[in-house]
Amino acid sequence: MVSLIEIKPEHTPIPGRPARHRPILHMFLRRIVAGLLTLLVCSILVFLACNILPGDVATAALGKNATPERVATIRQELNLDRPVPLRYMDWLGGLVTGDLGKSSAAVVQGSDPSIGHQLGPALGNSLTLAGLTFILLVPLSVALGALAGTHAGKAADHVTSATSLLLGSLPEFVFGAVVTLVFFQWLDWLPPVSLLAPGESALSHPDILALPIITLLSVTVAGAARQIRTGVIEVTREDYVTLAQLNGLPRAKVLRRYVLRNAVAPSVQITAQAVQYLIGGIIIVEGVFNYPGVGQYLLSAVGSRDIPVVQTVAVTLAGAFILINIAADMLVVLLVPAVRPTR
């Protein structure tokens, strides 16, 4: 007589959640933890770099009005009289709870010293500029990259590649000067600077967004289109694409079903890299056009040696870079089953 022995699975599935999803969830959690640790290291490096600079923040903020009594008052208000490790812990705790600290320049001027209140409008303006640029970036990059990749060696490829190489080799401030010369000096269509009254939204004046967006697109689209072109060419040389073409499938259907679908993973990573570059490029472009965003806010803080603002904005940008990397990795795993973890 054979007895039946109940064999239990090694890992009991969580009720209501398929077991196959657990490796993906674990990978996402590992990436989030790694991102938080990276951001912690970045915060330490930024804080130390800003606080080992020669000179005194309070003295630099006061300038000619730096009397010993006034310097002592400002140092106490900015917690500069405390040891560096304690100042870092206070600053880090403030970042976690949403208290971004005080601007040394605003403290001296007697205005609202909260960095959060100053950074909010600037961040909103930068997100508006970056969001509109990204909306145009993705379709333009994919369209130009696919056009050049599917017509490799032909006129369309040569024109697209040469234009991308030319635009990608120009620094943002040079291209910004060129478009300002064309659209303001020669054509008188667009304003040369992006001035906004306090409290105004950039969307209420679309004309001031045109030149910054054109400048940002010139560099980001050029680089992304070249890399997408390379990915499309590699996919079109695969055997399954050749077999689909030999079976008589229309070229547009082959491109849509086989080429673009299998090039989606590198395209997502390339787009993420372009967005990361977009974050860095915004700082330069906002300075060129005097656009009231995070980049202009950071440049003003560097010029006035407003160290609390500099370190807070730097960590904010680092967090944006890390978040984009994590989002891109997650999107690739969700879209491409071949790269999903199995355990």
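Ground rules. Residues are numbered from 1 along each chain as its sequence is written, and side-chain values use heavy atoms, without hydrogens and water. Because the model is predicted, local features need pLDDT of at least 70 and side-chain atom pairs pLDDT 80 or more, while totals for chains, interfaces and linings use all residues.

Fold. We have 14 helices and 0 strands. Those are DSSP runs, numbered from the N terminus: H or I of at least four residues for helices, E of at least two for strands. Of 343 residues, 37% are buried, meaning under 20% relative accessible area; exposed is over 50%, partly exposed in between, with a 1.4 Å probe and protein chains only. Take contacts (heavy atoms within 4.5 Å) with a separation of 6 or more: 70% join residues 24 or more positions apart.

Now helix 1, residues 22-51. What does it give to the nonpolar patch? The largest share, 5 residues. Leu40 sits in this helix. Its relative accessible area is 36%, so Leu40 is partly exposed.

The structure holds 4 aromatic pairs. Pairing means ring centres within 6.5 Å, for Phe, Tyr and Trp (its six-membered ring); planes under 30 degrees apart are stacked, over 60 edge-to-face, the rest tilted. Phe47 and Tyr88 have centres 5.4 Å apart and planes at 65 degrees, so they are edge-to-face. Phe47 is in helix 1 and Tyr88 in helix 4 (residues 84-97), so the pair ties together parts 41 residues apart in sequence. Both residues are buried. With Trp91, Phe47 and Tyr88 form one aromatic cluster.
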